[in-house]
Amino acid sequence: MAKKTEKNIPLNPDGSNAKGKKKKAKKKSKGHPKLYVAFLTLFCIFVAGMLTVIIIGNSVASYMDSHVNGELAINLEDYKDSQNQTSIMYGYNDAGKAIELARLHGTENRIWVDFEEMPENLIQAYVCLEDRKFFTHPGVDWIRTIAVMIKPEFAGQGASTITQQLIKNLTDDDQTTYNRKFNEIIRALNLEKNYSKKDIIEAYLNTVSLGAGCYGVKTAAETYFGKEVSELNLLECCALAGITKAPYTNNPYVNKDGNFQKRIDRCLKAMWEEGKISEKTYNKYLGKSPKVKPRGSASTESDEKVDVLSWYEEYVIDQVIADLQKEYEYDYQEASRMIYYGGLRIYAAVDIDMEKTLEDMYRNRTGFPNSRYDSRGQLPQSSMTIMDYQGRIVALVGGTGKKTANNVYNRAVDHRAKRQPGSSIKPLSVYAPAVDLGVVSANAPIIEKALEGYNNGKDWPQNFNGDHGKGDYITVETALVKSLNTVPVRILHEMLGTKTSMKYCNEMFHLN
């Protein structure tokens, strides 16, 4: 019976019994579901990552294409046209005639020179030393850029092309961020789409910083060698190209660690390697430097004589910048650029003779009381502003002594110069409203005496000399001339009232 029962066990199509097959299948599938789940998860992550890369890449490519092939990002013609537009400030003399006060060309000593005036050696010196593929790349040297991204230590060799460096010069944007670099690349590609290589190298050589206050090769050639750009020889061309990487340390007037000569030799070698000069010429000039014009008596980096503006002229510039920002919604940099490069004609309310007299007095301390030096060895300071009857500022001085620099602390206008107003508060808070409202007149007689028992039972106020007034009647004009305290306090207390005085100070004179 046992054998028969065994024979009746159902068989699978392949001849094995169901029981054996079940055990065998269970043993074969042990552990595999976990590997399958892990593989599936990794595959999904990979697919999602690839899709993300494709989507982002497509978006970036679309963005780049629209901007590279879109509207002109930087107009070189506009920039070139603005170079020689000097702004001029005028004032008026006693006859009412406009007289030129100052010419404003900015802090950059720059004069544009056309490509045709630049010697071939100068062009090749810059290209060989800074961007050997300049004439063949589309504005970006992708190999150098990728190399720096992969190995940042290559950054010292420089990944920026001449086109990219021109973008920096024109935008003043030199932040070391990926966003800035990305936008710089787009602008460079756009620039190359719209301008020839000749236009780009011309703009670059006219905007590059070359030390000693020089911007562009023309002023640098004049400053260092006393020559026009077209007259530069090979060594002089190499010298200018060599200065560019570090305008302060590489220029001949500073020549830190012999960098001036090192850069000349490096430029000569680059030109020889690129076949722009022969080996014989390379060996002939290696180790030699051009004759540099004496620097003179200047002790700062800039050899250029700095025109020191008067207190008044400097104040006018600040006000025009503020007005341009308010009226045209310029930022500070745009407004400043309009002042120094926009060809403006500025007419100031200054009284030329009065300003000159005021500055002479403050420079020489004419009529100033004898003052002792303080603990820092400085004399007491002062400033003055004079207005006409129309409320225009006609003269202004921001400090005593000779004004030797620009953008110095101006005590007459600087908002940081907070101090008590002294006797100037009397004509503003008392005399002006009292006369304006007909409360008093210049010839009105007022008793010159302090208020009795006004200040905790004491007479108040005192005059400058310490007395409380003599009790005589004097005119308002006399009280103003002598800057007495007793008379305006009496007018304020007995005739005008503090509320009316405060209203005038706030609404008419804008005092807080």
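The model is predicted: local features need pLDDT of at least 70, side-chain atom pairs count only at pLDDT 80 or more, and totals for chains, interfaces and linings use all residues. Residues are numbered from 1 along each chain as its sequence is written, and side-chain values use heavy atoms, without hydrogens and water.

**Helices**
- Helices (H or I, at least four residues) are DSSP runs, numbered from the N terminus.
- Buried means under 20% relative accessible area, exposed over 50%, and partly exposed in between (1.4 Å probe, protein chains only).
- In helix H20 (residues 498-508), Ser-501, Tyr-504 and Cys-505 are buried.
- These three lie on the same side of H20, because they cover an arc of only 95° around the axis, taken from the directions from the helix axis to the C-beta atoms.
- Lys-499 and Glu-507 are exposed on the other side of H20.
- Just after H20, His-510 has a positive phi of about 55°.
- Helix H7 (residues 162-171) is mostly covered, with seven of its ten residues buried.

**Aromatic pairs**
- Rings of Phe, Tyr and Trp (its six-membered ring) pair if their centres lie within 6.5 Å; planes under 30 degrees apart count as stacked, over 60 as edge-to-face and the rest as tilted.
- The count by this rule is nine aromatic pairs.
- Trp-272 and Tyr-282 are stacked, at 4.9 Å centre to centre and 10° between the planes.
- Trp-272 is in helix H12 (residues 259-273) and Tyr-282 in helix H13 (residues 279-285).
- Tyr-282 is buried at 11%, whereas Trp-272 is partly exposed at 31%.
- Ring pairs join Tyr-224, Phe-225 and Tyr-253 into a cluster.

Methods. Helices (H or I, at least four residues) and strands (E, at least two) are DSSP runs, numbered from the N terminus.
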